Amino acid sequence: MACDDDGVPEPGTTAVVIVLPEAALLLDAAWRIDPALVRRGVPAHVSLLYPFVPESALTDQDEKGVRALAASFPAADLLLEEVVTASGFVAVTVPGLQTIVDAFRTQWPGLRPYKGRFGAQPAAHVTVAMGADDPTTAARVRAAIGSLLPMRTRAAAVQLVALTEEGWQQRFTVPLGVPDGP
């Protein structure tokens, strides 16, 4: 997950994400170049909303909203093709998930994605490396992950996760396109 402005999210921070297991290869490639660039223990994912509602303020209505919105979008086969870089940040765009990212942002308009650090509407993406401030390192990461693209993956479920003292933990997972129970 991305971090707050101090570089470290606080316990109680939540996020709504779609994990893309096949994209783990991209993080592995960056890790082989410099392990410090990759947040280990955090799977390859697209953040739909980060930060989400703080865990202490999370309501049943918020959770029902996440479930209902996830149910309104079908699972999707995705093609990852484009690497983007900006000030130490290396990512792969995921345009096939932009519509669902936009829907979550619309549903919770008071939440600023990434606390506004990347503008009001950052593109759907998988963060591969953070802190690649050395241009040579960033170029090596870009080349390594570029050699793995294009990559096919599938978005199948939405997860609500919360940061605890032990790391990021799933609160729940809901399949895309499957209505929740009665």
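How many bridges join strand β4 to strand β5, and do these strands run parallel or antiparallel? In this predicted model, 4 bridges join β4 (residues 83–86) to β5 (residues 89–93). The two strands run antiparallel. Alanine 86 has phenylalanine 89 of β5 as its bridge partner. The hairpin of β4 and β5 has 2 residues between the strands. Within this hairpin, serine 87 adopts a positive phi near 35 degrees.

Helix α3 spans residues 98–107. Its buried residues are Ile100, Val101, Ala103, Phe104 and Arg105.

The crossing of the two helices is right-handed. On the α2 side, Val66, Leu69 and Ala70 make the contact. On the α3 side, the contact is made by Ala103, Phe104 and Gln107. By class, the contact of α2 with α3 has 5 nonpolar residues and 1 polar residue. No charged residues take part. Ala103 and Phe104 of α3 are buried, and both belong to the contact with α2.

Key: Residues are numbered from 1 along each chain as its sequence is written. This is a predicted model: local features need pLDDT of at least 70, side-chain atom pairs count only at pLDDT 80 or more; totals for chains, interfaces and linings use all residues. Side-chain values use heavy atoms; hydrogens and water are left out. Buried means under 20% relative accessible area, exposed over 50%, partly exposed in between (1.4 Å probe, protein chains only). A crossing is left-handed if the near helix is turned anticlockwise from the far one by less than a right angle, and right-handed if clockwise. Contact means heavy atoms within 4.5 Å. Ala, Val, Leu, Ile, Met, Phe, Trp, Tyr, Cys and Pro count as nonpolar, Asp, Glu, Lys and Arg as charged, and the others, Gly among them, as polar. Two strands pair if DSSP finds at least two bridges between them.
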